[in-house]
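Please read the following points with the structure open beside you, and take them one at a time.

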Amino acid sequence: MAIDLISLRKLMQLMLASDKRRTSLLRADITSDLRREQNGPGGGGDFHTPFWADAKGHAADLTDLRRATPERILAAPGRARLYPQLTAGFLTWWEERRRRRNEPFTVDDDHIRGRLTLEGLGVVKVESTLGFSIGDDGHRVVYPYFCEEPEMTAEVARLGLWAMAQALPQYELNDLRILDVLRSSSYSTIESPMRGTEEEEFRALYQALTDRRQELRREY
């Protein structure tokens, strides 16, 4: 993850992390970059991509996530610990949402994605969203946070929602959600109301991470 082109998920994880954990994540990123420079791009893909594809399929009534998860684990035993936890977390959130709203859910076929460009800093990617409609109540666009640690907070979710709104201007801010999948917790402007200082705060945290990475990079 070059920090000048980074997913919102990874950026939020860095914002949430303790100083020690943040340094560890940045060092791992630098090491990965150096390895790619020497050996070229590696394979393997994103650890969470198959799970999220199944979760979205479950929401669209195309996949049974409870059956898909064991099959994923058989194909890749390294997923045996976290995939069941992710599955349980997603299903708790999704099924509770369905119970609360006795209206038809329609999952979008389109890939909803966008980018937030911050001059002088970098580009933040907002991808792998889950979009759906609830009856006549309009759209919801859900961005998943998969990280085992640290857990999402309302404060960082507020900044994440602001970034989503900038990257996806075709949607209303109130329709955006950040989902901490493992903990079945979703954040909207109700849990994380805007203050009007989000851009300034977001830029300051992003700049601090960039500076810290550059400082660490000089050690290699």
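**Notes on the predicted model**

1. The buried residues of H7 are Glu 198, Phe 202, Tyr 206, Leu 209, Thr 210, Arg 213 and Leu 216. Seen down the axis of H7, these buried residues fall within an arc of 130°, so they line one face of the helix.

2. Thr 210 belongs to helix H7, which runs over residues 198-217, and because its relative accessibility is 10%, where under 20% means buried, Thr 210 counts as buried. Once its neighbours within four places in sequence are left aside, Thr 210 is in contact with Ile 3 and Leu 121.

3. Arg 213 also lies in helix H7, and at 12% relative accessibility this charged residue counts as buried. Which residues does Arg 213 contact, leaving aside its neighbours within four places in sequence? They are Ile 3, Leu 26, Asp 29, Ile 30 and Asp 33. With Asp 33, the side chain of Arg 213 makes a polar contact of 2.6 Å. Ile 3 is 210 residues away from Arg 213 in sequence, and yet the two C-alpha atoms are 8.2 Å apart in space.

4. Two packed helices are described by the angle between their axes and the distance between the axes. For helix H1 (residues 8-16) and helix H2 (residues 19-39), the axes come within 8 Å and cross at roughly 145°. On the H1 side the contact is made by Lys 10, Gln 13, Leu 14 and Met 15, and on the H2 side by Arg 21, Arg 22, Leu 25 and Leu 26. The residues of this contact divide into four nonpolar, one polar and three charged.

5. Thr 87 has its place in helix H5 (residues 82-100), and with a relative accessibility of 7% it counts as buried. Not counting residues up to four places away in sequence, Thr 87 touches Phe 51, Leu 65 and Thr 69. The side chains of Thr 87 and Thr 69 are also joined by a polar contact of 2.6 Å.

6. Please check the backbone as well, keeping in mind that most residues other than glycine have a negative phi, and most peptide bonds are trans. Asp 61 is not a glycine, although its phi is positive, at about 60°; it sits in the loop between helix H3 (49-59) and helix H4 (65-75), and at 64% relative accessibility it counts as exposed. Ser 184 likewise has a positive phi, near 55°; its place is in the loop between strand S7 (176-180) and strand S8 (185-187), where it is partly exposed, with a relative accessible area of 22%.

7. The peptide bond between Glu 149 and Pro 150 is cis, with an omega of about -10°. Pro 150 is found in the loop between strand S6 (139-145) and helix H6 (154-167).

Terms used. Residues numbered from 1 in each chain as written. Predicted model: local features only at pLDDT ≥ 70, side-chain atom pairs only at ≥ 80, totals over all residues. Heavy atoms only, no water. Helix = DSSP H or I, 4+ residues; strand = E, 2+ residues; numbered from the N terminus. Buried < 20%, exposed > 50% of the residue type's maximum accessible area, 1.4 Å probe, protein only. Contact = heavy atoms within 4.5 Å. Axes fitted to C-alpha atoms, helices over the stretch in contact; angles between N-to-C directions. Polar contact = N/O pair within 3.5 Å; in protein donor to acceptor, adjacent residues only side chain to side chain. Arc of directions from axis to C-beta.
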